Amino acid sequence: MNSSSTTMKPDVTLSLTLPSPDLAHSFKPEERGVKLIKLLLTCAKHASSGDLHRADTCLHRISQLASVTGDSMQRLAARFATALANRIIRRWPGLYSALNHSERMSTDLGWARQAHSTFPKSFPFMSFAYAVLTQTLVHAMSWDRVIHIVDLGSGDPQLWASFLQKLSNGPMGPPHVKVTCVSANKVLLDDLGTVLLKEAKSLDMPFQYNPLNVTLIDLTQAMLDVRPGEALAFVSILNFHVLLAEDDCVDMHFTVNENNDETKENNKMAEFLKMLRSMSPKLVLLVEQESDHNLTRLVDRFVEGLHYYSAIFDSIDTTFTIGEFSGDDRIRLEDMVGQEILNMVACEGLERVERHERIARWVVRFSRAGFKPANLWLAAMEEAQQIIESLGPIGYKVVTHRPGLMICWHDRPIYTVSAWIV
């Protein structure tokens, strides 16, 4: 932001009013959804251009129609409205810091832990992705006697316990396995270690756990302690994109001078991929959101975000209709998704880490670093397809897409799974 925008603060009073039930119910759901989308897009344009008075007016109208307990469009609108309000408040650093500090102080660690455990159970695509990942790893490493898996951020016991079980039935018996998990969440690391050490003991498997309590951005090769003779693999689930964060040149209207259509080189990502390649891994497995939230103009990624997260919220509705989850589970899950939306909309520069990109851009980035696409194990794909089909007419389907596969919700791509080799 330039000097003029930091020294002169516009006189704006944000409307912090409660929703009006009568107004929200005066529209049919379809009409209300269309109106919310129009209001959100208009608000994003005002927030982007610096017209905060009009942005505030839009937020007031949205608050009368949106609800965190309403239908999927109302809940989605509430999350995007919160993100826009957060972006506006950032123009007053003192106010923003005070509110953000209060939010951090009130964070319930138990709530966050339950949300993390609910996530893979709530989305059938995660079981699908886990089946593909574990079978592909086991197929590639079944004859190796010392295996080192580096989990770049997921920390999910369900994934790695299943992997250990499958490895224990290999042609040469249980191998020696080392799991390194990278996460800024120490509780997650401790929980994972407890589960995996217990699982390995029950399988009579030589096992080593290496927790790294750092962010992916701060990870170094020395921390990984890769030893000669180890069959090495890296797995990233919905986390690799944080490496794309950079100090964008943002002007006073929160736009960036860059061509959105190009796959711009990113030094941190290039260096990280170079580091991975230097260790000669047998596999690098990647699960990422299939949408372009790394666009530089706020309005552009806002439109992308509305389209993408509407599919996510619709799928959540289906899951919680047919599943056995409580209302609190859904709120916890949507809080996690809401944090992605908040970061994508409200933040810029190094703070904006939710920079999801489509598979075509990942192909360019991995190819530049010297990686080649690898095949996902066919039997794993068949097993994963059975998982999808067992759900009945729930809306998920799988599409093979070089260099991997794409998980769709009613023909809308939402996640991709890909494999890479040196």
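In this predicted model, Arg32, Lys35, Leu36, Leu39, Leu40, Thr42, Cys43, His46 and Ala47 of α3 touch Arg54, Ala55, Cys58, Leu59, Arg61, Ile62 and Leu65 of α4, contact being heavy atoms within 4.5 Å. Sort those residues by type and you get 10 nonpolar, 2 polar and 4 charged; here Ala, Val, Leu, Ile, Met, Phe, Trp, Tyr, Cys and Pro count as nonpolar, Asp, Glu, Lys and Arg as charged, and the others, Gly among them, as polar.

Helix α3 covers residues 29-49 and α4 covers residues 52-65, and they pack at about 155° with axes 8 Å apart. That angle makes the pair roughly antiparallel, a label for angles over 145 degrees.

Now pick out Cys58, one of the α4 residues in that contact.

Next, the loops. Aspartate 204 sits between α10 (186-202) and β3 (207-212), and its phi is near 55°, a positive value in a residue other than glycine. Aspartate 204 is exposed, at 66% relative accessibility. Aspartate 411, in the loop between β8 (404-409) and β9 (412-421), has a positive phi as well, near 70°, and is exposed at 56%.

Residues are numbered from 1 along each chain as its sequence is written. Local features need pLDDT of at least 70, side-chain atom pairs count only at pLDDT 80 or more, totals for chains, interfaces and linings use all residues, and side-chain values use heavy atoms, with hydrogens and water left out.

Definitions and conventions:
Axes are lines fitted to C-alpha atoms, for helices over the stretch in contact, and angles run from 0 to 180 degrees between N-to-C directions. Helices (H or I, at least four residues) and strands (E, at least two) are DSSP runs, numbered from the N terminus. Angles under 35 degrees count as roughly parallel, over 145 as roughly antiparallel, 65 to 115 as roughly perpendicular and the rest as oblique. Buried means under 20% relative accessible area, exposed over 50%, partly exposed in between (1.4 Å probe, protein chains only).
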